Every structure is written in C-alpha cells, then in structure tokens.
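Please look at the sequence and the structure first, and then read on.

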Amino acid sequence: MGIGYVVIALSFVGICHGLDMSRLQPYNFTAEIMFIVEDLDQDGIMTVAEIDTVFAQYDTNGDGKESRHEYTAFICAADPALYQISHYLYDAYDVNGDHKLDLVDYEGFHNNMDSNNDGLLNMEEFVAYWVALLTSIESVGNHQHGQSHEHGAPACHT
Ligand SMILES: [Ca+2]
Ligand SMILES: [Ca+2]
Ligand SMILES: [Ca+2]
C-alpha cells in the first residue's frame with residue numbers, strides 16, 4: 001500500500017533500471033514489512049482507517065485525496081528506480097478508476113485484499129494479495145519491456 005515506507009526501507013538494496021522488480025523481491029518479505037509498518041496499532045489487523053492514515057502522507061496539497069502525481073512524486077523522491085512501478089500500484093489502489101485516491105478506494109482495496117470477506121484483513125491475506133499483485137506487475141512490465149503504454153514515462157520526473 002503505502003509502498004513509500006517500503007521504498008525507504010529497501011532503498012539501500014541493489015541498483016535498478018527500468019521496471020526492475022528485484023528491488024521488491026522477495027515479494028512476500030516486502031509485503032510482510034508493509035503490513036507490519038502499516039498496521040499502525042500493531043493488532044495484526046489492517047483497517048481502512050489505517051490505510052487512509054498511511055496514504056494521507058502523500059496528500060501534499062491537503063485536499064484529502066491523493067492524485068497520481070502526488071503519489072508517484074513521493075515514490076520518485078524516495079527511490080527513482082521505483083517510479084514506473086508506482087504507476088502500476090496507483091492503478092491498483094484507484095479501485096474506482098477516477099484518478100483520485102480517497103476513502104472509497106481504500107474501502108474497495110481493503111475489500112479486495114480481505115479474501116475471506118469477514119471484514120478483517122490479516123497479514124496472511126495481505127501478503128497473498130501483494131505477492132499476486134507484484135507478480136502480475138512483473139509479468140505485464142516484462143511483456144511491455146518495462147514501459148506501460150498507458151503511462152509511458154520511462155524515467156522519474158516531478
Ligand atoms: Ca491494526
Ligand atoms: Ca491531494
Ligand atoms: Ca479513486
């Protein structure tokens with residue numbers, strides 16, 4: 001989710017170019033770090049409110065929503081090598097596809113990750129979702145030679 005935290009946590013790892021997913025591998029390890037960091041009250045359950053709080057850090061203009069530019073610029077500043085990946089992640093977060101992230105999206109994304117639909121998102125569900133998501137980004141990215149035709153930005157720019 002707020003992969004910004006993970007970006008910072010992993011920023012000492014390796015040298016990257018293009019859509020290099022190795023920065024985030026192994027995916028289950030990355031996802032576990034994200035869950036631990038973003039489970040703000042450390043109760044083993046990630047709530048929509050916790051997701052909302054994590055994303056609020058990207059809302060640089062303070063309008064209560066996170067735009068694509070706000071999110072990708074944050075990632076870009078933290079680790080330029082993950083700029084392209086951040087666009088794919090934004091697409092996953094923006095559940096209703098209106099190019100803004102807000103509570104509706106966090107509820108939707110939370111719902112997507114809550115695989116047994118009991119309203120409680122635990123680490124096991126979270127990690128399984130993220131491993132699948134990152135794996136799919138990897139395959140799409142490789143297929144498109146590291147460039148999304150939709151976004152088309154090969155390099156980090158703010
Ligand atoms: Ca929690
Ligand atoms: Ca905003
Ligand atoms: Ca949205």
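## Basis of the description

This is a predicted model, in which local features need pLDDT of at least 70 and side-chain atom pairs count only at pLDDT 80 or more, while totals for chains, interfaces and linings use all residues. Residues are numbered from 1 along each chain as its sequence is written, and chains are lettered from A and ligands numbered from 1 in the order in which they are written.

## Overall fold

Seven helices and four strands are found in the chain, where helices (H or I, at least four residues) and strands (E, at least two) are DSSP runs, numbered from the N terminus. Their order along the sequence is α-α-β-α-β-α-α-β-α-β-α.

Of the 158 residues in the chain, 32% are buried; a residue is called buried if 20 or more other C-beta atoms lie within 10 Å of its own, exposed if 12 or fewer, and partly exposed in between, with C-beta atoms placed from the backbone. Among the contacts with a separation of 6 or more, 63% link residues 24 or more positions apart, two residues being in contact if their C-beta atoms, placed from the backbone, lie within 7 Å.

Helix H5, which spans residues 83-93, is mostly covered, since nine of its eleven residues are buried. The buried residues include Tyr 83, Ile 85, His 87, Leu 89 and Tyr 93.

Helix H4 (residues 68-78) crosses H5 at roughly 145°, and the two axes come within 9 Å; axes are lines fitted to C-alpha atoms, for helices over the stretch in contact, and angles run from 0 to 180 degrees between N-to-C directions. On the H4 side the contact is made by Arg 68, Tyr 71, Thr 72, Ile 75 and Cys 76, and on the H5 side by Tyr 83, Ser 86, His 87 and Tyr 90. These residues divide into five nonpolar, three polar and one charged, where Ala, Val, Leu, Ile, Met, Phe, Trp, Tyr, Cys and Pro count as nonpolar, Asp, Glu, Lys and Arg as charged, and the others, Gly among them, as polar.

## Helices H3 and H6

Helix H3 (residues 48-56) packs with helix H6 (residues 103-113) at an angle of about 125°, the axes being 9 Å apart. The two helices are therefore oblique to each other, a term for angles that are not under 35 degrees (roughly parallel), over 145 (roughly antiparallel) or 65 to 115 (roughly perpendicular).

In this contact, Val 48, Ile 51, Asp 52 and Phe 55 of H3 meet Leu 103, Tyr 106, Glu 107, Phe 109 and His 110 of H6. The residues involved divide into six nonpolar, one polar and two charged.

## Loop residues

The loop between H1 and H2 holds Pro 26, which is joined to Gln 25 by a cis peptide bond with omega of about -10°. Arg 23 has its place in the loop between helix H1 (3-10) and helix H2 (27-38), and is partly exposed, with 19 other C-beta atoms within 10 Å. Arg 23 is 58 residues from Ala 81 in sequence, and their C-alpha atoms are 8.4 Å apart in space.

Most residues other than glycine have a negative phi, and most peptide bonds are trans. His 99, however, has a positive phi of about 65°; its place is in the loop between H5 and strand E3 (100-101). Asn 117 also has a positive phi, near 55°, and lies in the loop between H6 and strand E4 (121-122). His 99 counts as exposed with 12 C-beta neighbours inside 10 Å, and Asn 117 counts as exposed with 7.
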